[in-house]
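Welcome! Keep the structure open as you read.

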Amino acid sequence: MVQATEKIWMNGEFVQWDEAKTHVLTHSLHYGTGVFEGIRCYKTAAGPAVFRLQEHVDRLFDSAHICQMEIPFTPTDVSDAILQTIRANKIEECYIRPFAYIGYGAMGIFPLDNPIQVVIAVWPWGSYLGEEGLKNGIRVKTSSYTRHHVNATMVRSKTTANYANSLLAKREAIKDGYDEALLLDTDGYVAEGSGENIFVIRKGLIKTPPLTSILEGLTRDAIIQLAEERGMRLVEERFTRDELYISDEAFFSGTAAEITPIREVDNRRIGPGMPGPITKELQAAFFDIVYGRDNRHTDWLTYVHEKQPAMKK
């Protein structure tokens with residue numbers, strides 16, 4: 001269950017958590033025409049800090065642009081509102097959900113001039129795939145569902161409708177006793193998890209699928225940078241499910257999942273069945289940065305109490 005906080009930002013104003021409501025005939029509720037982001041705020045010694053705030057907000061606006069939605073706020077407005085929402089809820093560590101959607105008005109596929117609504121909520125949320133998963137790795141099942149074809153929907157847009165595919169895959173995996181799902185693309189190559197990017201390591205070479213039919217993950221981008229800085233060999237190229245089976249290491253990445261090792265796929269042990277040295281090194285490097293223990297990527301963190309922007313009305 002979501003752990004409720006006090007206030008939610010709605011269209012430029014704060015409302016109480018239980019008063020953040022919309023009409024049952026809201027267009028996006030029926031047609032999946034919302035765009036959103038998942039962002040994390042970490043507790044550091046210098047106070048709460050948001051991971052790659054500007055990049056996440058930019059991606060929200062990119063998603064809206066792809067879906068031909070005109071957000072009635074600027075990226076700066078939304079970034080400032082995210083920081084205000086964290087302050088208003090007096091929270092030091094949280095998950096952040098900015099969400100833009102087509103509101104109440106016309107029904108039917110074409111929304112006419114329905115207003116674009118924007119909300120921002122924050123709440124405490126631990127490791128998405130569990131603390132045990134972060135430490136020892138998770139079990140993964142290749143889904144019977146295929147990731148979207150690039151012309152079936154807009155895969156670069158973080159659109160709510162796209163996640164029906166993820167929900168079906170995740171539900172299937174959980175019911176079969178696994179922790180997470182792995183989806184293949186329409187050509188049968190490994191694509192990503194239900195909500196994560198994937199990396200495999202074999203003979204010292206790190207591979208991750210290219211940005212053709214997957215979401216452009218910001219944690220994925222951070223890992224690529226961290227690997228390159230450490231002189232690790234990394235390529236963005238397609239790979240098959242059987243190459244994953246015989247890899248030495250594998251892990252998922254994402255805002256919610258952070259860096260979660262994979263110990264088993266389709267009842268096949270990955271490497272020794274526990275997180276490997278490259279995975280652990282990248283995981284440790286990532287957490288050192290987001291928790292403020294390593295200042296080599298201070299540009300990735302926006303400290304919540306650095307400024308006090310005026311509330312937009």
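Let us begin with Asp221, which counts as partly exposed because its relative accessibility is 28%. Please keep in mind throughout that this is a predicted model.

**Charged pairs**

Which residue does Asp221 meet in a salt bridge? The partner is Arg52, and the closest N and O atoms of the two are 2.9 Å apart. Arg52 lies in the loop between strand 5 (47–51) and helix 2 (53–66) while Asp221 sits in helix 6 (residues 218–229), so this pair ties together parts that are 169 residues apart in sequence. Arg52 has a relative accessibility of 6%, so Arg52 counts as buried.

A second pair to look for is Glu281 with Arg230, whose side chains meet in a salt bridge with an N to O distance of 4.0 Å. This pair, too, links distant parts of the chain: Glu281 is in helix 8, Arg230 is in the loop between helix 6 and strand 13 (233–236), and the two are 51 residues apart. Glu281 is partly exposed at a relative accessible area of 39%, and Arg230 is partly exposed at 27%. Returning to Arg52 and Asp221, salt bridges with shared partners join these two and Glu55 into one network.

Glu6 is partly exposed with a relative accessible area of 40%, and Lys7 is partly exposed at 23%. Why can such pairs form? Side chains of opposite charge can pair because their charged atoms come close.

| Salt bridge | N to O distance |
|---|---|
| Arg52 and Asp221 | 2.9 Å |
| Glu281 and Arg230 | 4.0 Å |

**A nonpolar patch and a pocket**

Val24, Leu25, Leu29, Tyr31, Tyr104, Met107 and Ile109 make a nonpolar patch of about 710 Å². One of its members, Met107, is found in the loop between strand 6 (94–102) and strand 7 (116–123). Met107 has a relative accessible area of 36%, so this residue is partly exposed.

The second largest pocket has a volume of about 470 Å³. It is lined by 21 residues, and the closest to its centre are Thr33, Cys67, Met69, Ile102 and Pro111. Sorted by class, the lining has twelve nonpolar, eight polar and one charged residues.

**Two backbone angles to notice**

Most residues other than glycine have a negative phi. Leu112, however, has a positive phi of about 55 degrees although it is not a glycine. Leu112 lies in the loop between strand 6 and strand 7 and counts as exposed at 56% relative accessibility.

Is Asp266, another residue with a positive phi, buried or exposed? Asp266 is buried because its relative accessible area is 13%, and the cut-off for buried is under 20%. Its phi is near 50 degrees, and its place is the loop between strand 15 (258–265) and strand 16 (268–269).

**A last stop**

Finally, find Thr298 in the loop between helix 8 (277–290) and strand 17 (301–303). Thr298 has 51% relative accessibility, so this residue counts as exposed. Thr298 and Phe51 are 247 residues apart in sequence, while their C-alpha atoms are 9.8 Å apart in space.

Methods
Residues numbered from 1 in each chain as written. Predicted model: local features only at pLDDT ≥ 70, side-chain atom pairs only at ≥ 80, totals over all residues. Heavy atoms only, no water. Patch = residues over 30% accessible without salt bridge, like charges linked within 9 Å, V, L, I, M, F, W, Y side chains within 5 Å. Areas by Shrake-Rupley, 256 points an atom, 1.4 Å probe, with all protein chains shown as cover. Helix = DSSP H or I, 4+ residues; strand = E, 2+ residues; numbered from the N terminus. Buried < 20%, exposed > 50% of the residue type's maximum accessible area, 1.4 Å probe, protein only. 1 Å grid on protein atoms, 1.4 Å probe; cavity = no way out; pocket = protein on both sides within 12 Å on 5 of 7 lines; lining within 4 Å. Points joined across faces, edges and corners; volume = space filled by probe spheres on them. Nonpolar A, V, L, I, M, F, W, Y, C, P; charged D, E, K, R; others polar.
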